[in-house]
2 protein chains.
Amino acid sequence: MSLLVVGSVAFDSIQTPHGKAERVLGGAATHFSLAASFFTSVRLVAVVGEDFTEEEEQVFRARGVDIGGIAREKGKSFFWAGAYGDNVNEAQTLDTQLGVFSSFNPQLPAKYKDSPYVFLANIDPVLQVSVRRQLNGARFVGGDTMNYWINGSRPQLGEMLKLVDALLINDHEAKMLAQDPNLARAAKKILAMGPKTLVIKHGEYGATAFFQDGAFGAGGHPFRAPTLPLETVVDPTGAGDSFAGGFMGYIASRGEINREVFKKAMFYGGVMGSFAVESFGTARMQTLTRAEIEERFNLFCELTHIE
Amino acid sequence: MSLLVVGSVAFDSIQTPHGKAERVLGGAATHFSLAASFFTSVRLVAVVGEDFTEEEEQVFRARGVDIGGIAREKGKSFFWAGAYGDNVNEAQTLDTQLGVFSSFNPQLPAKYKDSPYVFLANIDPVLQVSVRRQLNGARFVGGDTMNYWINGSRPQLGEMLKLVDALLINDHEAKMLAQDPNLARAAKKILAMGPKTLVIKHGEYGATAFFQDGAFGAGGHPFRAPTLPLETVVDPTGAGDSFAGGFMGYIASRGEINREVFKKAMFYGGVMGSFAVESFGTARMQTLTRAEIEERFNLFCELTHIE
């Protein structure tokens, strides 16, 4: 069933120990939608500038992503330049040019308003709340945020947290949001802020889902999904967004939402994140096949399962 | 079957965000042997000073640990004082007094020389090699080391690595030993140094086992075991040694060594580590029951398994 994502489409210039890439297609909603497109039909709402061309459109079209919700404005698309050292979990920002993204005010095409599955990628929580309130029929809504909003827009973020079924953030963001250095306690505090489920991403160590009591029949116990120990991380950019795309995409592909669906969604999230880092930008998603996804899903199962 | 451990028995003074403990029983071989004692019979070789009394002996005896191999010397036992802040994976050393441990030269009682399972806890690799060479009949030998030996005794450590079936170290130590910041690549380089298996402990994120091709029928794929996200980590000291004790103890309790046994051993290692941190010193191991261990083992399975 249709999965709507609202967020950034951007150009990234990236340096890693494996090389450099100049102005490759990036942005949270880009990585999310391409990863999710392997599981379900995806609708994308974003804003781009005049530098977004037929070439970039084709990347989405080739994956069947509906880009009718991409607004085009005069000016330049969001641009980010960053560098990674040996720690693939920490990017150093070299340059940020918001461009047309600075006045992003997402407009939902009328035909998108019936979207049963929604992902509010990392944008101003005021906009996330505004989008969420236009989607009263949504069955399951996921959301992301970042340090900038946790520090600067806590009341607005608090509103957003009450309107999502799943919040997907990383360890550092979870500890900052809860103001608690212990991850399990932080999770409990964040669940008390509203989201029925909290998925904390641990980078190369996988991810853990925490559930409100009774949420989705999931019971009180957390669930931990692995990632593959990778010898080559070419470009970590977008790994978290690709995780979210695999996670939400798999959930949207299933009729029912229960603990078992959640678990598999966590595994598929890890799988998509592990592919995303194999190339710069969106390159790996452009060549990936569903068969490769299933093969790695089975490997992830083998990585963790005991008889 | 009998599991021999050679290493330190010490007194620790520990500060954590949950309180303080003065001169509690500690040391790698202590934490290891108590954890392993829930799975198999354990023989302990160590050295202590005159401050080691009937009270400490009783802690081992209550768990059935054979302490006939503990040498008593004039002077004081190894003493360590440390503090933990919010990051439970990083201890700040406040004081170290080697005492009688500075001249530790492990003597194996004759009746220990048939030990089929052996763990060389973190001591000078020269001593580890010397002990290993007296145990030609050993079926499976595990070993540990630390930054101090990786930096200062690389050739001696290289000898030790050729003589162990499993090396159990943490992320930081693995990256330092391999001189590679990527964990998967570091693992491959360490396996090339000799050990048939490498178990890398990730603290609160669990542990990953890497296998030489064909080792123990384990195949080339790694295996990842979880830990429980704990709300209260009272004292992280000894968590890694308790992991090793659960891991080696479970292996020693089984006749055959294969991939499935390894996997369960990794889970039991995580279980024992998760109990160890619930109290200062050895307190939790002194009250723990096998039923509690099985209950948590099942929880760990539930934490990671998908249908």
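Predicted model: local features only at pLDDT ≥ 70, side-chain atom pairs only at ≥ 80, totals over all residues.
A crossing of two helices is called right-handed if the near helix is turned clockwise from the far one by less than a right angle, and left-handed if it is turned anticlockwise.

Let's begin with α9(B) and α11(B), whose crossing is right-handed. Helix α9 covers residues 259-276 of chain B and helix α11 covers residues 290-304 of chain B; their axes come within 9 Å and cross at roughly 115°. Angles of 65 to 115 degrees count as roughly perpendicular, so that is the label for α9(B) relative to α11(B). On the α9(B) side, the residues that meet α11(B) include B:Phe267, B:Tyr268, B:Val271 and B:Phe275, and their counterparts in α11(B) include B:Ile293, B:Phe297, B:Phe300 and B:Cys301. Charged residues take part too, among them B:Lys264 from α9(B) and B:Arg290, B:Glu292, B:Glu294 and B:Arg296 from α11(B). By class, this contact has 9 nonpolar, 3 polar and 5 charged residues.

Now stay with α9(B) and look at its contact with helix α8 (residues 239-253) of chain B. Here the axes come within 7 Å and cross at roughly 145°, and the crossing is again right-handed. From α8(B), the contact draws on residues including B:Phe243, B:Gly246, B:Phe247 and B:Tyr250, while α9(B) brings, among others, B:Val261, B:Phe262, B:Met266 and B:Gly273.

Which way does the crossing of α6(B) and α7(B) go, left-handed or right-handed? This one is left-handed. Helix α6 (residues 171-178) of chain B packs against helix α7 (residues 183-191) of chain B at an angle of about 60°, with the axes 9 Å apart. That angle makes α6(B) oblique to α7(B). B:Asp171, B:Ala174, B:Lys175, B:Leu177 and B:Ala178 of α6(B) meet B:Leu183, B:Ala186, B:Lys189 and B:Ile190 of α7(B), which gives 6 nonpolar, no polar and 3 charged residues.

On to the strands. Chain B has an open sheet of 4 strands in the order β3-β2-β6-β7, with mixed pairing. Strands β3 (19-26) and β7 (91-97) of chain B stand at the edges with a single partner strand each, so one side of each has no neighbour in the sheet. From one strand to the next, the twist averages 15°. Inside the sheet, β2 (residues 10-16) and β6 (residues 78-84) of chain B run parallel and are joined by 6 bridges; B:Asp12, for instance, has B:Trp80 in β6(B) as its bridge partner.

For an antiparallel pair, switch to chain A: 6 bridges join strand β6 (residues 78-84) to strand β7 (residues 91-97) there. A hairpin of 6 residues connects β6(A) to β7(A), and A:Tyr84 stands opposite A:Ala91.

Finally, how do the two chains meet? In chain B, 41 residues are in contact with 41 residues of chain A. The area buried between the chains is about 3600 Å², and carbon and sulfur atoms give 54% of that. B:Tyr205, B:Arg224 and B:Ile306 lose the most area on the chain B side, together 23% of what that side buries.

Conventions:
Residues numbered from 1 in each chain as written. Chains lettered and ligands numbered in written order. Heavy atoms only, no water. Axes fitted to C-alpha atoms, helices over the stretch in contact; angles between N-to-C directions. Helix = DSSP H or I, 4+ residues; strand = E, 2+ residues; numbered from the N terminus. Parallel < 35°, antiparallel > 145°, perpendicular 65-115°, else oblique. Contact = heavy atoms within 4.5 Å. Pairing = 2+ DSSP bridges. Buried area = accessible area lost by both parts, 1.4 Å probe.
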